[in-house]
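Reader: I am new to this structure and would like to know what stands behind the terms used for it. Please set each value against its definition.

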Amino acid sequence: IMPQRLSLRQIEGFLAIMEVGTVNGAAGLLNISQPAVSKLVAHLEADTGMLLFERRRGRLVPTRRGLQLHAEALRIYGGLHQLERAIDQLKREDGRRLHVGVIPALSGVVVHAVTADFMAIQPDVYVSIRTGSSGAVCDAILDRSSDVGLVSTPTIDRRLVNELILRHPLVCVMPPDHPLAERRVIEPPDLDGLPFLAFQLNSQTHTRITGLFDQYGVRENVVLDANTSATICEFVAGGHGVSLMHPLLAAQARDRVVVRRFEPEINIEFFLCRAVGGSTSELVAEFTRSAGRAAEAIAASMLSE
């Protein structure tokens with residue numbers, strides 16, 4: 001004999017009773033009448049050919065078969081909810097969307113501030129963010145897997161447009177109890193021989209810093225190098241040394257480090273990269289404006305402290 005086809009509503013009634021233990025409670029949970037709940041469970045027992053509950057002092061106590069069915073029902077019902085979420089996401093992706101590439105240095109506070117500003121203006125847009133090197137971000141824009149990117153090194157490919165969104169001097173970042181924290185401006189001789197936390201040794205930032213130190217005869221004492229500002233900020237906050245970085249990158253640790261002006265200025269630039277004639281040009285233009293607003297606000301707040 002072929003088993004009767006179960007309904008999703010029967011499973012919902014069964015799970016509701018398992019959760020609260022009474023028909024009355026399940027009815028309130030499902031916002032239906034008590035007789036309707038009783039009918040759902042009765043039909044489920046009839047269709048499965050199994051006794052799922054025993055009545056004890058006004059409560060429904062699951063049988064061994066009831067407990068076994070409950071475990072399976074939870075697994076399957078959970079899968080249905082996952083499917084519903086997946087369908088919702090696919091629907092959103094079918095609408096307006098923006099794929100953003102970002103270098104690791106900007107993947108924390110910066111991209112959050114920029115994207116939050118953008119989403120406040122374009123709340124119906126689905127945003128996807130992926131991290132990679134400047135080269136990888138630009139390549140993704142060329143193959144159309146990204147619409148826009150935040151990079152530190154502009155590309156010379158004529159299919160891409162690089163728009164300068166930030167140009168700020170590096171600041172000196174140090175632990176709050178560091179002796180240099182008493183000064184308003186830090187100069188190269190102040191860093192002579194001090195433990196220094198550097199961006200990876202082949203990076204544009206470190207090359208610029210090394211060149212300036214050589215001009216002033218400063219002994220560079222690099223005790224650690226890393227390729228993300230988050231890592232360097234953690235070590236600075238932990239008292240392992242000082243560093244020079246863009247004020248935007250120091251923002252993520254603003255409550256745990258001290259930021260001071262550094263002279264002479266070493267200006268570092270960040271660019272927004274996009275494809276020429278991209279299909280999402282309206283959204284990219286809005287994202288570009290958000291990038292300018294958010295970046296300037298963070299940098300100004302860091303330098304005013």
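Author: Axes are lines fitted to C-alpha atoms, for helices over the stretch in contact, and angles run from 0 to 180 degrees between N-to-C directions. In this predicted model, α2 and helix α3 (residues 34–48) pack with their axes 8 Å apart, at an angle of about 105°.

Reader: Why are α2 and α3 called roughly perpendicular to each other?

Author: Angles from 65 to 115 degrees count as roughly perpendicular. The angle of α2 and α3 is about 105°, and the two helices are therefore roughly perpendicular to each other.

Reader: Which residues of α2 and α3 meet, and how many of them are nonpolar, polar or charged?

Author: Val23, Asn24, Ala26 and Ala27 in α2 meet Gln34, Val37 and Ser38 in α3. By class, this contact of α2 with α3 has four nonpolar, three polar and no charged residues.

Reader: Where is Asn31, and why does Asn31 count as exposed or buried?

Author: Asn31 is in the loop between α2 and α3. Exposed means over 50% relative accessible area. Asn31 has 70% relative accessibility and so counts as exposed. Phi of Asn31 is near 60°, a positive value in a residue other than glycine.

Reader: What is worth noting about such a phi?

Author: Most residues other than glycine have a negative phi. Arg144 also has a positive phi, of about 70°, although it is not a glycine. Arg144 lies in the loop between α6 (134–142) and β5 (148–151). With 54% relative accessibility against a cut-off of over 50%, Arg144 counts as exposed.

Reader: How do you know whether Leu160 is buried or exposed?

Author: Buried means under 20% relative accessible area. Leu160 has 6%, so Leu160 is buried. Leu160 is found in strand β6 (residues 160–169). Leaving out residues up to four places away in sequence, Leu160 touches Cys138, Ile141, Leu142, Thr155, Cys273, Arg274, Ala275 and Val276.

Reader: What is the omega of the bond that joins Glu263 and Pro264?

Author: Omega is about 0°, and the peptide bond between Glu263 and Pro264 is cis. Most peptide bonds are trans. Pro264 is found in the loop between β12 (258–262) and β13 (267–275).

Reader: How does the radius of gyration of the chain stand against that of a compact globule?

Author: A compact globule of 305 residues would have a radius of gyration near 19 Å, whereas the chain has 30 Å. Along the principal axes, the C-alpha atoms fill a box of roughly 90 × 50 × 30 Å. Of the 305 residues, 43% count as buried. The chain has ten helices and 13 strands.

Conventions:
Residues numbered from 1 in each chain as written. Predicted model: local features only at pLDDT ≥ 70, side-chain atom pairs only at ≥ 80, totals over all residues. Heavy atoms only, no water. Helix = DSSP H or I, 4+ residues; strand = E, 2+ residues; numbered from the N terminus. Rg over C-alpha atoms; globule rule 2.2 N^0.38 Å. Buried < 20%, exposed > 50% of the residue type's maximum accessible area, 1.4 Å probe, protein only. Parallel < 35°, antiparallel > 145°, perpendicular 65-115°, else oblique. Contact = heavy atoms within 4.5 Å. Nonpolar A, V, L, I, M, F, W, Y, C, P; charged D, E, K, R; others polar.
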